[in-house]
Amino acid sequence: MRLARAARRKGPGVSEESAPRAGGEVAVAEAPAEDERRPVLKRKDNRAWWLVLPVVVSVAFTAVIPLMTVVNFSVQDVFGPNDRVFVGLEWFRSVARDPEVRAALVRTLLFSAQVLLLEIPLGVALAVCMPRRGVQVSVALVLVALPLLIPWNVVGTIWQIFARGDIGLGGWTINNVLGVNFNYTLDSTDAWITVLVMDVWHWTPLVALLAYAGLRSIPEPYFQAAQIDGASAWSTFRHIQLPRLRGVLTIAILLRFMDSFMIYTEPFVVTGGGPGNATSFLSILLSKIAVGQFDLGPAGAFSLLYFLIVQILCYVFFTVLTRSGR
Amino acid sequence: MADIRLEGVGHSYDGGRTWALRPMTWTWRSARAYALLGPSGCGKTTLLNIISGLLTPTVGRVLFDGRDVTGVPTAGRNIAQVFQFPVLYEEMSVYDNLAFPLRNRKVPKKEVDRRVREVSRLLGLDALLGRRSRRLDAGRQQIVSLGRGLVRPQVAAVLLDEPLTVVDPALKWTLRSKLKEIHRDTGHTLIYVTHDQTEALTFADEVVVLNDGAIMQAGEPAELFLSPSHEFVGHFIGSPGMNMLPAEVVGDVVRVGECDVGAVTDGLPPGPVRIGVRPEFVRVAGAGLSPGVRARVTGVDRMGAYDLVHTVVGEHRVIAKTEAGAPYRPGAVEFLHFPAERTFLFRDEVRCGSLAPLDGRGPA
């Protein structure tokens, strides 16, 4: 909440505090004449810059250099280890025009939208229903957090089996008890639904936990005031709980958007992107180009565009969510 | 509007081991302005929450005009309450905040508008009605909270839990007199919780002093000041509080050390007592004006309009409030006189009698 508030005041982007005034620069070089008693500690000392070095090195090693490698690939046509040609922005153009990429982009956007529309309300509803005090709190927290503890590929495997019509409990029940023909390996809609439900099962708890933390931080007098003002349960939710969840929900939406927009492991395990292209999201297509076909140039350009889209959409979400509360 | 009666009401937060509020029977009479005065943690808020129904008392019954409401939830009690810190519906405008309690009760739109405008005029919120409430400063937000407490025309009581804590001092006085004015106009029963005696004494028709979960004394401001029935009330009300001095009843005379200070009324049995006298009534006289209690001056506070003369009698501190420019010097020996009609005797902290003039009696 406070994070969002601070950002709202100053607008998005770099806040004043975090502006690069690191190290000794922060200190006042010469104490003002009228304040002689100022401690001598506050002297300028440029050696403090060395303290930043470990961060610079590790970030460079793990993020900046790999990213630059990708940039390097994206503007070249690589034939072999020592055989490459500079091609400028050609890969960017061809990737942007590629109908397969465009279809995957639309698919991924649709998936993320559905994930947000389902998980955010469900998570909030779950959080509202969770107990507020007593032993039940721990029990509820553990139960809700359980899916979050399972590794992605295991989640994929669980659902791959669970949704099968022959041996999976879920798939079998749909086919034989409900009498609906359900087969995610053949039917694109069924495959889509399976992946979507799996994501909702896996990640709604995250939203619920964040929302629960947000709800718990609302001081008791707000609820007391609502009782005294004769507010119904719905209007208590609408006018007290929901507005005060803005901060945590902003974080929840950003996390769930980024994560679902880059979803890879679970659909890879469950459907492998199929049937046909029904569940081949951007990440699956990207890894096919990069690892499967080893087309490093197009894959590099694709990655950078992908990265850019995620950045832009997160920025838009953040701005809209934090500004709307003014 | 209703008489609110607490019958044997007490509350314990730890299953009966300690009382946050000791069982008490007390009636808040309709249309009066009460101040509930006491130090932090004495049970004021607990008492308030029991009246409003936010808390169900561990023992006892709550009656509104004879109707038992002990089990009735807050919404069914028709009570308004204002909290210590602003509690607002932040995304609503000031107008909507004020209208909220009325709209929830399905009051017709025209009536809502009339009430909101009336309250906003009284509290000086007219210019802010269209503003989003979270963009106001804390003081203004608290005034809006106050407005929400006052907007409902027919309430059994308005409970105010230290409502002016966050309001800045200049505005405090204005708002307090506004509240009194509103009380006069509407005839609401007001219960105003505070730990500030000035606030309590200036605001209320009747002040109820609470300490350690029990009502110590209730009465009009002057009564509490002039005639405290418990040592705590003497200490807590008045600034500085009442002087307390150990003394002894010998025969029918009260003695401090070697000195007789007065006769006993009411046939008090002999034994140790404490005499209580307010600094306002202690007279300091020079060495020549014996008899009096011998005291050594330790310091003088010049307060502008008056002086506070600090003295010690034996090892007990006694403060006297004198006219400005008192000629007393630290270290000097003076004699203190306690006027009989303003001096009380306490035993086990409870008032047990008062002082009578000596009239030359006693073992001289």
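The structure is a predicted model, in which local features need pLDDT of at least 70 and side-chain atom pairs count only at pLDDT 80 or more, while totals for chains, interfaces and linings use all residues. Residues are numbered from 1 along each chain as its sequence is written, chains are lettered from A and ligands numbered from 1 in the order in which they are written, and side-chain values use heavy atoms, with hydrogens and water left out.

Chain A comes first. It has 14 helices and 2 strands; these are DSSP runs numbered from the N terminus, with helices being H or I of at least four residues and strands being E of at least two. Of its 326 residues, 38% count as buried. Here buried means under 20% relative accessible area, exposed means over 50%, and partly exposed lies in between (1.4 Å probe, protein chains only). The accessible surface of chain A is about 18,700 Å², and carbon and sulfur atoms hold 67% of that surface. Such areas come from the Shrake-Rupley method with a 1.4 Å probe, and for residues only the protein chains shown count as cover. A contact means heavy atoms within 4.5 Å. Among the contacts in chain A with a separation of 6 or more, 68% are between residues 24 or more positions apart.

Salt bridges give some individual examples. A salt bridge is a side-chain nitrogen of Lys or Arg within 4 Å of a carboxyl oxygen of Asp or Glu. Over all chains, the structure holds 28 of these salt bridges. One of them joins D45(A) and R47(A), with the closest N and O atoms 2.8 Å apart. D45(A) is partly exposed at a relative accessible area of 30%, and R47(A) is exposed at 61%.

Another salt bridge joins E100(A) and K288(A) at 3.3 Å, N to O. This pair links distant parts of the chain, 188 residues apart: E100(A) lies in helix 4 (residues 99–129) and K288(A) in helix 13 (residues 282–292). E100(A) is partly exposed, with 35% relative accessible area, and K288(A) is also partly exposed, with 38%.

E119(A) and R256(A) meet in a salt bridge of 2.7 Å, N to O. E119(A) is in helix 4 and R256(A) in helix 11 (residues 246–261), 137 residues apart. Are these two residues buried or exposed? Both E119(A) and R256(A) are buried. Salt bridges with shared partners join E119(A), R256(A), D199(A) and D259(A) into one network.

The remaining topic is the interface. The contact takes 21 residues from chain A and 23 residues from chain B. The area buried between the two chains is about 1,900 Å², and carbon and sulfur atoms give 51% of it. Buried area is the accessible area (1.4 Å probe) that two parts lose on being put together, summed over both. In chain B, the residues that lose the most area to chain A are Y89(B), E91(B) and R134(B), together 26% of what that side buries.

Across this interface there are 3 salt bridges. E91(B) forms a salt bridge with R238(A), where the closest N and O atoms are 3.5 Å apart. On the side of chain B that touches chain A, the elements giving two or more residues are strand 6 (79–82) and helix 2 (94–104).
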